[in-house]
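These are my notebook entries on one protein structure. I record what I looked up and the criterion applied in each case.

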Amino acid sequence: MSTKITPKQNYELTRQQIGYVDRRLATPEDYRRIGFKSGLEVHQQLATKEKLFCHCPCGVFQKNGDYDAEVIRHMRPAMSELGGYDGTALMEFKTRKNIIYRINNETACTYEVDDTPPFKINPEALEIALKISLLSKLNVVGEVHITRKQYLDGSIPTGFQRTAILGVNGHIQLRNKKVNLIQLSIEEDSCREIADIGHERWYKTDRLGMPLIETVTAPELVSPDELREAAEYIRFLNRSTGLVRTGMGAGREDVNVSCRGGSRVEIKGVAHNKWIPELSHNEAFRQWALLHIRKLLLERIKKEKWQVNHMELDPHEFQFTYLPLVECKEKKHKIIAINIPEFKGFFSHFTQPDQVFADEISQRLKVIACIEKPNMLHSEQENLSISDQDFATIRTHLNAKSNDAQIIIWGPEEDMETAIETVVERCEMIFDGVPNETRKSLPNGTSIFERVLPGADRMYPDTDSCPIPLSDEYIEKLGKDLPQDISERIELLSKWGVPADAYHFILSKNIFPIIEEVCERFKFDPKRVAIFFGHTYKNIIGKQKAHNDFNYRKLIGLFKFIREKGLHINIAKYLLPILFQHPSMEFNSMLTALKFKKRSLDELAAPIDFLAEKYRDIRKTDDKEEAANWIMGQLHKQAIGNIELRDLREIIDKRLQ
């Protein structure tokens, strides 16, 4: 490959070579072609008063600067009993990070920093988690064993998370298939990250220790849309109990994705289910692209013959004008040039929309070597930022061949060894295909490297906690007070004839029990009530902020009033905005505000002939449909709350014949 690489052309060419398809145009055949496979780990905070292993309050959140003390910790890996080190621990150790925890006395105590043994597990949290286990058709364990799971990214000060498996081997029923659930666990939530800059990472501990459940599916989801459907189902199931927290961060998904020949990659902490299809689609094709690079590379050279060389550049020998390189003189930073044999054409190779393989290296430099972006230049950039002459000199010093590629990195001297290792390691990994890793989701549907995927053997018994036996009587008692399955609720909504676009709102807000209560108590049509909530109510909360005293019970009171006054249900749409803003207002006063008057069908129909005559004087067309619409418009407001509007329309149409 002696021809000059044009990055944009190579990006488009390799995008076509791997058969990347925009998600909006992708078909099931596209996912079968690349062997798309995925599973979920759904995390959900429980609505308890206290944390899981201490008595600190839950749901009290502080601003970034609201803290009483700071604790600083560092990662130091320890050898296991088998004589090995965890890959994540080694990676975090390389970063030489200062992990800084900002602690507020109101929401944290000495337990969170491992200075106090755990209290007994929160019984309220355990009961909620067991109920959700039963709803998920899981086999509940006979005895709860608390274990410690290594947490090596710094988000838990102790370096481990207390967790316990409560149920195994369950399932959920989607539209077209049953998906198996591997397990459900109860565990402590982690800290919230404030910032991660250079060698320092900040967390706040208000969320730390809050009760959380994790539902794990089998890797049986074979398309992005199926993956989202499963995530939504589990979300709806959890919320159907009315015992979990809602809002930003209360529910999060870890999405595990692979393609044929790829590896399990975990996209961590996806906050919105609507992001899941795009993220999983792009991750599967990212792996497919990496496998394509591997194939091309192995056609050029064997791994055992591949050897990288590098050299330090003296900024005084070059006419650098690129600001980060110019600043290296005064900062006394090092500049390193690295020759990557047989990599020509790979740095501009497509991996994700608007990302290339060079981004895989740059992201790791940021995370592992802690060099903030911009942190590298490479030989296949659209605008290289250094002169062709300087770059030719660098290639000569590196003894580069025509098929080689080059990278230039810079930073503090103490970071350069790690930075060089990071570049070489990521390039070497491509010989083996797709590395196991954890990635961070971005709103545009792509992801970036976050850390090495933790090893499988990261759990061990917690000797500070006693086993908790679960009697059959206790489990049977919990099972008697469970909501119906989400699949049954969806089936009922369909049976009632409710439009499918109303399902998501009704189920995500757990409004279904309200609909049932309204229909059972006041004998309203379920379809009409469900559409009121799924469309009308959804529309108003999207446009207005409710009064603090507004709640679902107010809506039940609204329907009770409508039934007792003998009003038509269509008036609910007009009373709702008033109730939303003034929940303490009397319903009769609301009717007055609407200028409502009780009228019979005959009274409403009486002016039709007069209005028809009036329309003849102002008409612009002889179309009877136009005439009927005009008359209906004149009587519409008076009819609301009194009669079915279609009945009035039928009378108008007959009078105009």
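**Entry 1. Conventions and overall figures**

I take buried to mean under 20% relative accessible area, exposed over 50%, and partly exposed in between, with a 1.4 Å probe and protein chains only. By that criterion, buried residues make up 51% of the 657 residues in the protein.

I note that the model is predicted, that local features need pLDDT of at least 70 and side-chain atom pairs pLDDT 80 or more, and that totals for chains, interfaces and linings use all residues. Residues are numbered from 1 along each chain as its sequence is written, and side-chain values use heavy atoms, with hydrogens and water left out.

I looked up the secondary structure and found 22 helices and 23 strands. Helices (H or I, at least four residues) and strands (E, at least two) are DSSP runs, numbered from the N terminus. The C-alpha atoms fill a box of roughly 100 × 70 × 45 Å along the principal axes.

I then looked up contacts, defined as heavy atoms within 4.5 Å. Of the contacts between residues at least 6 apart in sequence, 75% join residues at least 24 apart.

**Entry 2**

Two packed helices are described by the angle between their axes and the distance between the axes. I use axes that are lines fitted to C-alpha atoms, for helices over the stretch in contact, with angles from 0 to 180 degrees between N-to-C directions.

The axes of α21 (residues 624-639) and α22 (residues 645-655) come within 10 Å and cross at roughly 140 degrees. The two helices are therefore oblique to each other; angles under 35 degrees count as roughly parallel, over 145 as roughly antiparallel, 65 to 115 as roughly perpendicular and the rest as oblique.

I listed the contact residues: α21 contributes E625, A628, N629, I631, M632, L635, H636 and A639, and α22 contributes L645, L648, R649, I652 and D653. By class they divide into 8 nonpolar, 2 polar and 3 charged. Ala, Val, Leu, Ile, Met, Phe, Trp, Tyr, Cys and Pro count as nonpolar, Asp, Glu, Lys and Arg as charged, and the others, Gly among them, as polar.

In the loop between α21 and α22 I found E644. With 15% relative accessibility, E644 counts as buried. Not counting residues up to four places away in sequence, E644 touches R528 and H568.

**Entry 3. Helices α15 and α17**

F532, T536, Y537, I540 and I541 of α15 meet A572, K573, L576, P577 and F580 of α17. This contact has 8 nonpolar, 1 polar and 1 charged residues.

In α17 (residues 572-581), the buried residues are A572, L575, L576, I578, L579 and F580. These buried residues pack against α15, α16 and α18 (587-593).

**Entry 4. Aromatic pairs**

How many aromatic pairs does the structure hold? I found 27. Rings of Phe, Tyr and Trp (its six-membered ring) pair if their centres lie within 6.5 Å; planes under 30 degrees apart count as stacked, over 60 as edge-to-face and the rest as tilted.

The rings of F532 and F559 have centres 5.3 Å apart and planes at 90 degrees, so the pair is edge-to-face. F532 lies in α15 (residues 526-543) and F559 in α16 (residues 552-564), so the pair ties together parts 27 residues apart in sequence. Both F532 and F559 are buried. Ring pairs link F505, F524, F532, F533, Y537, F550, Y552, F559 and F580 into a cluster.

**Entry 5. Individual residues**

I looked up Q363, which is in helix α8 (residues 357-367). Q363 counts as buried at 5% relative accessibility. Leaving aside neighbours within four places in sequence, Q363 is in contact with Q355, K373, R439, S447, I448 and F449.

K373 is joined to P374 by a cis peptide bond, with omega about 0 degrees. P374 is in the loop between α8 and β18 (376-378).

I also recorded two positive phi values. D354, a residue other than glycine, has phi near 65 degrees and is in the loop between β16 (350-352) and β17 (355-356). D354 counts as exposed at 71% relative accessibility. K595, not a glycine, has a positive phi of about 60 degrees and lies in the loop between α18 and α19 (601-605). K595 is exposed, with a relative accessible area of 75%.
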